[in-house]
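Colleague: Could you take me through this model? I have some questions about how its parts are arranged.

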Amino acid sequence: MTTPTQKLMVNGKDFTLDADPNMPVLWALRDILGLTGTKFGCGAGLCGACTIHVDGSPMRGCLTSLKQVQGKQVTTIEGLEAEKLKQAWLEHNVPQCGYCQAGQLMSAAALLTTTPKPTETQIADAMSGNICRCGTYPRIKAAIQSASEA
């Protein structure tokens with residue numbers, strides 16, 4: 001039995017993968033394409049470490065299958081172009097251990113795309129699915145507010 005061919009568009013590039021269509025995108029990105037910025041956290045879509053964008057919307061890479069992204073654009077942390085947000089992340093010294101930061105940035109970037117001037121409540125709601133074990137939430141919020149003002 002042959003493995004079906006999957007077409008994947010990631011960070012503006014087209015890829016053809018010999019992979020099971022039910023494979024989570026997370027594993028295709030990390031294990032096949034070598035894009036290891038997207039992290040595995042819980043495997044249940046609860047922590048946000050594996051957040052990617054699919055046609056601009058944040059999704060959990062551990063729960064999203066290859067067949068679900070056929071014909072759609074996948075963006076990973078490696079392809080994220082949110083320079084104001086990245087700069088704010090540095091200015092507010094957001095990362096501590098850094099493990100969750102790719103997912104945090106992906107969720108924050110999606111928020112700022114849809115809501116350029118978010119309120120504190122909108123920030124809290126958008127970021128509520130991303131867990132930071134180091135507790136850098138105040139710095140994350142400050143960086144998002146700063147990026148929205150820039």
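Colleague: At what angle do the axes of helix 3 and helix 5 cross?

Modeller: This is a predicted model, in which local features need pLDDT of at least 70, side-chain atom pairs count only at pLDDT 80 or more, and totals for chains, interfaces and linings use all residues. Residues are numbered from 1 along each chain as its sequence is written, and side-chain values use heavy atoms, with hydrogens and water left out. The axes of helix 3 (residues 101-114) and helix 5 (residues 137-149) cross at roughly 35° and come within 11 Å. Axes are lines fitted to C-alpha atoms over the stretch in contact, with angles from 0 to 180 degrees between N-to-C directions. Helices (H or I, at least four residues) and strands (E, at least two) are DSSP runs, numbered from the N terminus.

Colleague: Which residues make that contact?

Modeller: Helix 3 contributes Q104, A108, L111 and L112, and helix 5 contributes I140, I144, A147 and S148; contact means heavy atoms within 4.5 Å.

Colleague: Lastly, in what sense do strand 1 and strand 2 pair?

Modeller: Strand 1 (residues 5-10) and strand 2 (residues 13-18) are antiparallel, over six bridges; pairing requires at least two DSSP bridges between the strands. V10 has K13 of strand 2 as its bridge partner.
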